[in-house]
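Subject: Structure handover

Hello,

Here is the structure I promised to pass on to you. My notes on what turned up follow below it.

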Amino acid sequence: MPASSIELFEKVIEFLKLGKPIALCTIVDKIGSGPRGVGSKIVVTSDGEVIGSIGGGGFERILIDKAIESIREGKCRLITFSLGSGRGVETGLICGGSLTVFIDVIKPKPRLIIFGSGSIAKPLAEIAHRVGFEILIADDHEDTATRERFPMASEIIIEKPLSKVLGKLEIEASDFIAIVHGEVESEFLILKEVLKKRPRYVGLLGSK
């Protein structure tokens, strides 16, 4: 069923915070008869979750496929759909008109999860923040994993032992991971579990 604009944008924020790219699909032009009017919107995620309705039936199914394709390509699109008018992508509907939809692809900030809060973690976090990363710090040292040292961090998680952090942290496929803790045993345990999550990037600092 149709969702209010507030509900839609609340979900957009929720998905982006989870690291999920989305497509915001908006009807920008309508000619003749159609199920919904200009300004109607739905949100589509990369895995096909849909918030709201923009008309249902064949039109909506085709639009969802186009939205997922746009997310994968990372490109916005303007597509006209035929509702029996012969103008645009055929949908199988016979309303007699056509709808033009703008598919706006919105990507979250890439997230860098740093395991450690010492002399390497601090400049790494500062540089990554400057180039557009969301920063999350995870460590077992309360004296260095502080808001004063990492004011740019969206979250700081402190757990002893460090491996317990993974019980509180949902690692997404889009995440970047840097393991710069400094204690080999802790780093090894974190590395083994992180690799199971198959994040986008894993960096490990350590000796031979």
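**What I found**

Let me start with one side chain: phenylalanine 133 is buried, with a relative accessible area of 19%. Buried here means under 20% relative accessible area, exposed means over 50%, and partly exposed is in between (1.4 Å probe, protein chains only).

Before going on, a word on the basis: this is a predicted model, where local features need pLDDT of at least 70 and side-chain atom pairs count only at pLDDT 80 or more, while totals for chains, interfaces and linings use all residues. Residues are numbered from 1 along each chain as its sequence is written, and side-chain values use heavy atoms, with hydrogens and water left out.

**Aromatic rings**

Searching the whole structure gives three aromatic pairs. Rings of Phe, Tyr and Trp (its six-membered ring) pair if their centres lie within 6.5 Å; planes under 30 degrees apart count as stacked, over 60 as edge-to-face and the rest as tilted. One of the pairs joins phenylalanine 133 to phenylalanine 176, edge-to-face, at 5.1 Å centre to centre and with 85° between the planes. Phenylalanine 133 sits in the loop between helix H3 (121–130) and strand S8 (134–139), and phenylalanine 176 in strand S10 (residues 176–179), 43 residues apart. Helices (H or I, at least four residues) and strands (E, at least two) are DSSP runs, numbered from the N terminus. Phenylalanine 176 also counts as buried, at 17% relative accessibility.

Phenylalanine 176 has a tilted pairing with tyrosine 201, too: 6.2 Å between centres and 35° between the planes. Since phenylalanine 176 lies in S10 and tyrosine 201 in strand S11 (residues 201–204), this pair ties together parts that are 25 residues apart in sequence. Tyrosine 201 is partly exposed, at 46% relative accessible area.

An open sheet of six strands runs in the order S3-S2-S1-S6-S4-S5, with mixed pairing; two strands pair if DSSP finds at least two bridges between them. At the edges are strand S3 (50–51) and strand S5 (89–90), each pairing on one side only. Strand S4 (residues 77–82) and strand S6 (residues 98–106) run antiparallel and are joined by six bridges. Within S6, threonine 100 is the bridge partner of threonine 80.

Helix H1 (residues 5–17) packs on the sheet, touching strand S1 (22–31), strand S2 (41–45), S3 and S6. Contact means heavy atoms within 4.5 Å. Helix H2 (residues 57–73) also packs on the sheet, and touches S1, S2, S3, S4, S5 and S6. The buried residues of H2, including Phe59, Leu63, Ile64 and Ile68, pack against S1, S2, S3, S4 and S6. Just after H2, glycine 74 takes a positive phi of about 70°.

**Cysteines**

How many disulfides does the structure hold? The count is zero, a disulfide being a pair of cysteine sulfur atoms within 2.5 Å. For cysteine 25, the nearest cysteine sulfur is that of cysteine 76, 10 Å away. Cysteine 25 is buried, with 0% relative accessible area, whereas cysteine 76 is partly exposed at 42%.

Best wishes

Note on methods: Axes are lines fitted to C-alpha atoms, for helices over the stretch in contact, and angles run from 0 to 180 degrees between N-to-C directions.
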